[in-house]
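Thank you all for making the time this morning.

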Amino acid sequence: ERLRVDMPVFVGAALKQQRDKKQRLAQARESKERFIEHVLNEYDTTHSGGLTFSELRDFLSNLDTTRTEKPTDPEVKWVIQMATPDTQKFEGEWISGKMRLKGEALQAACTHWLMYLETWDEIAEVFDKYDSNKTGFLEKAQLAEVLKDLNVGVEVDDADVDAVLLQASSVTQGAITKPGLIKAISIWYAIDDEKRQRSSQVLATGGSACCCLQ
């Protein structure tokens, strides 16, 4: 008669966790696939397998019916850039339909747009305060004033303003839009946190941090 060897409890629990994880991942994948299929069926009027610029605008418009105006061109461009890994040039390829948003990028676009709408009131208030010439864009000097306010009235180093502008204006190249302001603020806080950590490390090792006025 063969001996029955009982599996240790912790091994059985680990296997169950692996099975549960695989099941959750499979369900998440199926959910994504259903979402993408629904979006394409509803908004892919050209039957291209993806959403063109105008089709994406219609999709974003219907994600929040309480907003009366349709997403602006800069907003749609920002969503595309946030949902795609490569820097987009926006030289007509999206308008013409040569480039389309496909697959999981559609779900990423949905996520970023809804996050943007959640912060819209706060972002719009700050943006409108510093968009003194009402162009719909913040230039470097205006962005510097925004960052100065975030820095409790202390002017931000010019190099830091340049770094924020470079990273946050990939869509508009040298100017910040309302959705771009969200990224600009997050980049600024990341830069500020990194500086504080470096300063703390210097002090912790017995060094000193100095500030030189030029």
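Let me start with helices H3 and H5, whose axes come within 8 Å and cross at roughly 125°. That angle makes H3 oblique to H5, since angles under 35 degrees count as roughly parallel, over 145 as roughly antiparallel, 65 to 115 as roughly perpendicular and the rest as oblique. The axes here are lines fitted to C-alpha atoms, for helices over the stretch in contact, and the angles run from 0 to 180 degrees between N-to-C directions. H3 passes H5 in a right-handed crossing, which by definition is one where the near helix is turned clockwise from the far one by less than a right angle.

On the H3 side the contact is made by Glu75, Trp78, Val79, Met82 and Ala83, and on the H5 side by Ala105, Ala108, Ala109, His112, Trp113 and Tyr116, where contact means heavy atoms within 4.5 Å. These residues divide into nine nonpolar, one polar and one charged, with Ala, Val, Leu, Ile, Met, Phe, Trp, Tyr, Cys and Pro counted as nonpolar, Asp, Glu, Lys and Arg as charged, and the others, Gly among them, as polar.

Before I go further, a word on where this comes from: this is a predicted model, in which local features need pLDDT of at least 70 and side-chain atom pairs count only at pLDDT 80 or more, while totals for chains, interfaces and linings use all residues. Residues are numbered from 1 along each chain as its sequence is written, and side-chain values use heavy atoms, with hydrogens and water left out.

As for the chain as a whole, its secondary structure comes to nine helices and zero strands, where helices (H or I, at least four residues) and strands (E, at least two) are DSSP runs numbered from the N terminus. Buried residues, meaning those under 20% relative accessible area, with exposed being over 50% and partly exposed in between (1.4 Å probe, protein chains only), make up 33% of the 214 residues. Among the contacts with a separation of 6 or more, 54% are accounted for by residues 24 or more positions apart.

Which residues of H3 are buried? They are Glu75, Val76, Trp78, Val79, Ile80, Gln81 and Ala83, and what covers them includes H2, H4 (93–96), H5 (104–118), H6 (120–130) and H9.

In one of them, the side chains of lysine 70 and aspartate 58 meet at 2.9 Å, N to O. Because lysine 70 lies in the loop between H2 (53–61) and H3 (73–83) and aspartate 58 in H2, the pair ties together parts that are 12 residues apart in sequence. From C-alpha to C-alpha, lysine 70 and aspartate 58 are 7.8 Å apart in space. Lysine 70 is partly exposed at 47% relative accessible area, and aspartate 58 also counts as partly exposed, at 31%. Leaving aside residues up to four places away in sequence, lysine 70 touches Arg57, Asp58 and Ser61.

Arginine 67 forms a salt bridge with glutamate 69, the closest N and O atoms being 3.7 Å apart. Is arginine 67 buried or exposed? Arginine 67 is buried, with a relative accessible area of 15%, whereas glutamate 69 is partly exposed at 41%.

Finally, aspartate 157 and lysine 195 meet in a salt bridge at 3.0 Å, N to O. Aspartate 157 lies in the loop between H7 and H8 (158–168) and lysine 195 in H9, so this pair ties together parts 38 residues apart in sequence. Aspartate 157 counts as partly exposed at 45%, and lysine 195 is partly exposed at 31%. Salt bridges that share partners also join Arg67, Glu69 and Glu75 into one network.

How values were computed: Salt bridge = Lys/Arg side-chain N within 4 Å of Asp/Glu carboxyl O.
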